[in-house]
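Here are my notes on the model you sent over.

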Amino acid sequence: RRSGQYTMNHDHSKRTPDGASFDRSGSQDSLDELFLDDYWKELENIHETRGNNHEERVALVVKEPDEGELEEEWLKEAGLSDLFGESSGNSQEFVFLLSTLTRTQKAAVEKRVETVTQTMRKKNKQHQIPDVRDIFRLQNDSKGKVCDGSEPSTVRTKENKNETQDGTKDPKFRLGTDEQKSLLEDKPVLDTDINLEISFAEQAANLKDSSVGKIWKGGGGDTLLPNFRLPKDKTGTTKIGDLAPQDMKKVYSLALIELTALYDILGTEFKQQKAVKIKTKDSGLFGVPLSILLEQDQKKVPGTKIPLIFQKLIAQIEKATLGTEGLLRIPGVATRVKSLCQELEAKFYEGTFNWENVKQHDAASLLKLFIRELPQPLLTVEYLKAFQNVQNLPTKKQQLQALNLLVLLLPEANRDTLKALLEFLQRVIDHRDKNKMTLNNVAMVMAPNLFTFHGFGSKAIEQSEFVMAAGTANVMRFMIRYQKILWTIPKFIVNQVRKQNTESQKKEKKDKAMKKLLKKMAYDREKHEKQEKTPNDADVPQGVIRVQALHLSKVSMAIQLTEELKAGDIVARFLSQKSGNLQTLKREEVFLYEIGGNIGERCLDDDTYMKDLYQLNPNAEWVIKTKQS
């Protein structure tokens, strides 16, 4: 078996219940063997397509990291590179990050620092190597507290039970107190609520320590997936795309640390793969990196986030009815698909390609080909294996939590394209009565296209192909079924971002006190002059917020906060004024934003209770705008 190729000698006796000779372990029991038949057929189709493509592809080389290299890379990715090198211990940014971590997150960082430290000592590198125990003292010295860095494995001890997980007692940013933990433990065993307020790794540690864990075991479980749901949060649900880029960078670091902590607690290996850079096409459609494709596309359609060819192929499939039987499962004619592929390369950007000639099954095959031909997998080289390993986590809830964190780790272009794909797949499943494509069918057909990446070859598949098939199809089912949950940023991570911003602001205030004072004096003078002109904008009394619409309307409103007032109510009030550009916009285009204070910028969902959010961030400004403005 060569790199990038999969032997297709599965005869039907191996695939049918009568003669199944595969090792039955893991999550494959949850999926009917008939559905697995779809997986093998799809793999055969992929193999045939590759066979027909005479141009030899350069397989992406995945480098096996040296000892300690993986951990050093991990610390850089997590925003903790300042722990080493000349600036070791000097940067405040990583101190702010460390100060917000939960116990399980700290343990994950300590474990990696320890490995890098030992490796450096072996190699005798001229780095200033910090003692692991000192790292977490840095942010506590000023407070007179010391985290017990010497016992990273002790996630919860009798002595530290009264502190919050991040070692502080600030109720605004509570990441998981005893009270919350006991609430977590008291919930029914089969509760399908996803708790976003407490760190997932802390929940896993709690579950592991209690008898509840034994009942929850079961990996893939039944074919039927639970109806997981997100309980309503009074301060609003934060979706990917709601936060400013500077806060999303912090979310990325925290998600990586949290995912690593979760895998550590559950005893599952988490290793980022590393791709060796290879020469890729710098123009065209198929086999072109997503970043280059989007660069090309944004010249034609400014602001586009999903490759135009990808959007057009989905539109072409949907142009005919989605009720077509066997949609996605029945392949297009291989020679015709190859010819269409070449024609698209030549004519797509010129606008001379004739879409009328493209049959639905051919368009579906081209869509799958586009995903497979990406020089790096849609789920990225770094995290493809971690996505696969989700199937090894003990409970469905933990599998979902891990996927949520992995989605947060994807680059924006990959995440946006994946979202468009999953939304399309759900629309196909919505027509299952006619097209006979259930969630299981679609997952089985799509899994080989996302997971059997040509660059990894057979080395990446350490399990039997049967386990690989069932496992990746299970992950595919999760991604399709729970996509709305997966695109949510957990509240505990948003709270950690708020806390980092608060700490950072405190430092800035000390450093720039005089500068700030002068600015404030100038601002107060300006404000005073404005107030003389517009007496309506007098100082806002307690319990009242001032909301502006900036570019959309000259009107600003002083709004009294009540227990029941929601963000959607404020937007509705502004729209009812029918002033400025507001009257030209549709309701679904306009949002209320929380700006500044302890967050960069956050788009609020309509069900956010404003009084609760105001208490969380009293220094924010409140602005009505569209997502583009």
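1. Let's start with the cysteines. Cys 341 has a relative accessibility of 13%, so this residue counts as buried, the cut-off being under 20%. Cys 603 is buried too, with a relative accessible area of 2%. In general, a disulfide is a covalent bond between the sulfur atoms of two cysteines. How many disulfides does a search of the whole structure find? The count comes back as 0. Keep in mind that this is a predicted model.

2. Now the overall picture. The protein chain holds 629 residues, and 53% of them are buried. There are 25 helices against 9 strands. If you take the contacts with a separation of 6 or more, 78% of them join residues 24 or more positions apart.

3. Next, the nonpolar packing. As a rule, nonpolar side chains tend to be buried together in soluble globular proteins. The largest nonpolar core here has 129 residues, and the members that touch the most other members are Leu 328, Leu 425, Leu 450, Phe 451, Met 476 and Met 479. Helix 10 (residues 245–266) gives the largest share of this core, 12 residues. Where does the core sit relative to the domains? Both domain 1 (65–84 + 91–124 + 191–208 + 224–270) and domain 2 (290–455 + 474–488) contribute residues, so the core lies between them. Apart from this core there is another one, of 23 residues, including Ala 567, Val 571, Leu 613 and Ile 624.

4. Leu 425 is worth a click while you have the core on screen. Leaving out residues up to four places away in sequence, Leu 425 touches Leu 328, Val 442, Met 446, Met 476 and Ile 480. Two of those partners, Leu 328 and Met 476, are also on the list of core members with the most contacts to other members.

5. On to the backbone. Most residues other than glycine have a negative phi. Leu 328 is not a glycine, yet its phi is positive, about 80°. Leu 328 sits in the loop between helix 12 (308–319) and helix 13 (334–347). Is Leu 328 buried or exposed? Buried, with a relative accessible area of 0%.

6. Lys 436 is another non-glycine residue with a positive phi, this time about 60°. You'll find Lys 436 in the loop between helix 18 (432–435) and helix 19 (439–451). Lys 436 is partly exposed, at a relative accessible area of 45%, whereas Leu 328 is buried.

7. If you are thinking about pockets, have a look at the second largest pocket, with about 1300 Å³ of space. Its lining has 40 residues, and the closest to the pocket centre are Ile 240, Gly 241, Lys 305, Asp 416 and Lys 419. Which helix supplies the largest share of the lining? That is helix 17, with 9 residues. Helix 10, helix 16 (396–409), helix 17 (412–429), helix 20 (465–481) and helix 21 (483–486) each put at least two residues into the lining. Helix 10 also gives the largest share of the core in point 3.

8. Leu 285 is in the loop between strand 3 (274–275) and helix 11 (290–300). Leu 285 and Leu 374 are 89 residues apart in sequence, but the C-alpha to C-alpha distance is 9.4 Å.

9. Gly 471 belongs to helix 20 and is buried, with a relative accessible area of 0%. Gly 471 and Val 390 are 81 residues apart in sequence and 8.5 Å apart in space, C-alpha to C-alpha.

10. Last one: His 431, in the loop between helix 17 and helix 18. At 34% relative accessibility, His 431 counts as partly exposed. Which residues does His 431 touch, not counting those up to four places away in sequence? Leu 322 and Gly 323. His 431 and Thr 321 are 9.2 Å apart, C-alpha to C-alpha, with a sequence separation of 110 residues.

Terms used
Residues are numbered from 1 along each chain as its sequence is written. This is a predicted model: local features need pLDDT of at least 70, side-chain atom pairs count only at pLDDT 80 or more; totals for chains, interfaces and linings use all residues. Side-chain values use heavy atoms; hydrogens and water are left out. Helices (H or I, at least four residues) and strands (E, at least two) are DSSP runs, numbered from the N terminus. Buried means under 20% relative accessible area, exposed over 50%, partly exposed in between (1.4 Å probe, protein chains only). A disulfide is a pair of cysteine sulfur atoms within 2.5 Å. A nonpolar core is a set of buried Ala, Val, Leu, Ile, Met, Phe, Trp, Tyr and Cys residues joined through side-chain atoms within 4.5 Å. Domain bounds come from an automatic or database domain assignment. Contact means heavy atoms within 4.5 Å. On a 1 Å grid over the protein atoms alone, a cavity is a set of points where a 1.4 Å probe fits but cannot get out, and a pocket is an open set with protein on both sides within 12 Å along at least five of seven lines; lining residues have an atom within 4 Å of a point. Grid points are joined across faces, edges and corners, and a volume is the space filled by probe spheres set on the points.
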